Amino acid sequence: MELHANAFGRNARKALLDKTLQGALGRTTGRFQAHRDAAVAAFPGFEAARERASRIKVDVLDHLDTYLARFIEEAEKRGAIVHVARDAAQAREIAARIARDEGVTLAVKSKSMASEEVSLNEALQEAGVTVVESDLGEYIIQLAGETPSHIIAPAVHKTREEISLLFERHLGEPRTDSIPELVGMARRHLRAKFLSAGMGVSGGNFLVADTGSVVLVTNEGNGRMGTILPRVHLAVVGIEKVIPRMADLPTFLRILPRSASGQAISSYVSIVTGTRRAGDREGPDRMHILLLDCGRSAILEGKYREILKCVRCAACLNACPVYQSVGGHAYGWVYSGPIGAVLTPLLVGLPEAATLPDASTLCGACADVCPVKIPLPDFLLELRSDARDQGLKPPGEIAAMKGYAGVMKRAGLLEAMERIGGVLGQLFTKGKGIGGLPYPFSGWTERRDFPAPAALPFRKHWKINRGARD
Amino acid sequence: MVNARESLFRRLSAACGGRGAPPGEGHPGEAPVPPEADRIALFAKTFAAADGVLLHGPVEEALSDLGEMLRMEGVTALFFPEDDAAAREIAEALVPFGPFSLTTGAEVRGGSTAVTAGFRTAEAAIAETGTVVETSAGGRTLLPGLIADVHVSIVPAASVVARMEEALAAVAADPPRNLSFLSGPSRTGDIEQTLTVGAHGPRKAIALLLTSPCTGSGTTSR
């Protein structure tokens with residue numbers, strides 16, 4: 001996917017002015033959150049499972065070489081062909097070669113964030129393959145020629161009217177405002193694709209080291225179809241998705257659907273292992289597993305390695321007040337929300353996405369819901385100082401922060417500033433708030449409404465009111 | 001190829017360096033085990049919570065309910081794998097309950113336009129999650145629960161296990177190519193976050209719980 005992460009400010013403003021998007025975000029993020037909270041509350045074992053999931057992931061990262069080697073060995077033993085790609089270019093090259101060698105002209109794809117990272121569809125199309133997205137949300141945005149705006153609900157920004165228009169234009173279907181009818185239309189068109197496609201392309205939620213299995217967690221059933229019906233199966237998965245053994249899988253199945261959609265379990269969990277065995281009625285004759293490094297081994301080496309624990313549930317997106325306001329496109333790449341604000345700079349390089357760690361209020365809601373306990377706010381803060389150290393912050397911001405720190409360290413000076421600020425602020429803004437300051441403060445005010453300094457500073461207010469209560 | 005792999009492992013070994021506990025050690029904090037005795041009752045509850053419809057009790061009654069349900073869904077074809085005796089018997093016993101035709105598959109895979117109910121005996125069911133487990137082990141087909149419009153799982157009560165761990169333990173040594181957990185109907189919330197069933201798989205998931213391996217009635221015993 002093309003990278004526009006550094007345009008976050010501009011993208012966010014556009015998103016805030018987009019009435020359709022604002023309606024969709026208002027409808028959805030709150031509902032996702034409520035479902036997640038209810039599912040977690042209904043499951044007393046959630047905290048224990050979360051702790052266990054986090055520990056397993058830490059163990060995996062500590063021994064990724066061992067577990068990954070085991071996974072490759074076991075998968076190959078069962079007939080899979082395993083490829084590794086260091087970067088996006090290599091991944092595209094390998095995928096295109098697989099498609100050519102297998103003589104594939106039509107591929108059905110189920111959702112895979114990793115494949116978005118490397119623009120896999122484009123690579124396959126260049127190799128002469130028609131790639132049809134089979135996840136309903138992905139299918140809709142593919143027809144629209146857009147990119148996903150949410151990890152688990154890619155078409156969250158599309159209304160039924162827009163979707164019906166798309167289906168009329170691209171599929172020749174009559175207009176309808178019935179959602180079940182729209183789903184039925186997509187089902188019919190995609191079923192024909194599943195039955196004729198030479199290759200199914202999937203991602204993978206987990207890779208089981210002990211057995212060489214790829215695990216897919218889905219609700220629609222497209223992941224199952226694409227891995228069972230076509231004669232070739234290509235799974236594109238990040239190297240960090242390994243878990244040690246099959247016995248570890250239930251722990252993750254207890255946290256992932258609850259965190260993602262508020263379900264106790266998703267409709268389908270598919271565990272696919274190697275190629276079809278002698279005597280099997282279904283399953284692919286050929287299975288390719290494309291493992292992506294694409295920056296992950298470098299992350300593993302550094303202080304942000306725990307970000308690789310992520311299971312892509314999107315709970316942090318729904319909990320984030322910034323994401324709730326601007327949606328996914330504003331983040332300018334595959335991953336959005338708090339996970340995107342951390343992972344994108346780490347995968348593409350901080351200079352390419354230096355504004356993303358600022359897209360957070362550091363409220364901590366993301367860390368509260370993360371089912372594998374990634375310290376997202378700490379990482380966001382740390383990335384901001386990295387950006388400063390690498391000279392990626394404007395001098396005005398650095399100067400202002402230095403000045404702010406200088407004042408905050410001196411109680412007397414702070415009090416004096418508060419008093420002056422209170423008087424001047426009330427005088428100049430008439431209590432309405434500050435906006436449109438000149439450079440070097442314009443960078444701050446163009447994206448934020450800043451309240452006028454209060455006539456009575458907080459510390460004084462505290463002293464009086466607390467005093468009154470005591 | 002091999003070079004790419006070797007260089008990946010060089011990078012990984014340098015990066016992860018075997019910190020912390022050695023691999024292979026267990027992880028503490030296991031989820032609690034629900035009592036075995038309650039697993040059937042729990043399965044009934046969780047399967048319903050997953051929007052599945054569970055039929056149990058006397059087979060004649062269950063068959064009549066099932067026939068009614070299939071007619072309501074507009075089902076015209078009953079599809080069962082040739083080698084699944086229980087599925088065949090249930091499907092055959094249903095014929096008098098509606099204008100249903102019987103099929104063993106080829107035309108269903110070819111994209112038949114008939115509204116189809118797919119019958120299949122489950123390898124196991126999981127009480128914790130309301131899940132029906134199907135695998136390709138022994139050359140068994142997954143098509144009834146994959147491409148039919150309505151899926152009818154035949155679940156022997158003895159095959160209901162308490163948790164996911166028990167279901168997976170059976171295959172952990174050498175998993176079959178395909179192993180599926182099916183929990184309720186196929187669904188999507190991708191259009192306006194409105195839950196809609198029948199995205200790609202069955203729009204209705206029914207489980208017929210058989211309390212003894214032999215049902216004791218002429219219609220379904222073998």
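**Exercise 1.** Determine which residues of H16(A) meet which residues of H18(A), and how the two helices cross.

*Solution.* Step 1: take the contacts, counting two residues as touching if their C-beta atoms, placed from the backbone, lie within 7 Å. Pro338(A), Ala341(A), Val342(A) and Pro345(A) in H16(A) then meet Leu376(A), Phe379(A), Leu380(A) and Leu383(A) in H18(A). Helices (H or I, at least four residues) and strands (E, at least two) are DSSP runs, numbered from the N terminus. The model is predicted: local features need pLDDT of at least 70, side-chain atom pairs count only at pLDDT 80 or more, and totals for chains, interfaces and linings use all residues. Residues are numbered from 1 along each chain as its sequence is written, while chains are lettered from A and ligands numbered from 1 in the order in which they are written.

Step 2: classify the residues. Ala, Val, Leu, Ile, Met, Phe, Trp, Tyr, Cys and Pro count as nonpolar, Asp, Glu, Lys and Arg as charged, and the others, Gly among them, as polar. The contact of H16(A) with H18(A) has eight nonpolar, no polar and no charged residues.

Step 3: describe the geometry. Axes are lines fitted to C-alpha atoms, for helices over the stretch in contact, with angles from 0 to 180 degrees between N-to-C directions. The axes of H16(A) (residues 337–348) and H18(A) (residues 376–389) come within 10 Å and cross at roughly 45°. H16(A) and H18(A) are therefore oblique to each other (under 35 degrees is roughly parallel, over 145 roughly antiparallel, 65 to 115 roughly perpendicular, the rest oblique).

**Exercise 2.** Describe the side of chain B that touches chain A.

*Solution.* Step 1: the contact takes 80 residues from chain A and 61 residues from chain B. Step 2: among the elements of chain B that each supply at least two residues are helix H2 (39–49) and strand E9 (178–182). H1(B) gives the most, with 10 residues. Step 3: by class, this side of chain B holds 25 nonpolar, 26 polar and 10 charged residues.

**Exercise 3.** Trace the sheet that contains E9(A) and E9(B).

*Solution.* Step 1: strands pair if DSSP finds at least two bridges between them. E9(A) (residues 268–273) and E9(B) pair in the antiparallel sense over five bridges. Step 2: Ile271(A) stands opposite Leu179(B), and Val272(A) opposite Asn178(B). Step 3: the open sheet of eight strands, with mixed pairing, has the order E8(A)-E5(A)-E6(A)-E9(A)-E9(B)-E6(B)-E5(B)-E8(B). E8(A) (242–243) and E8(B) (160–161) stand at the edges, each with a single partner strand, so one side of each is left without a neighbour in the sheet.
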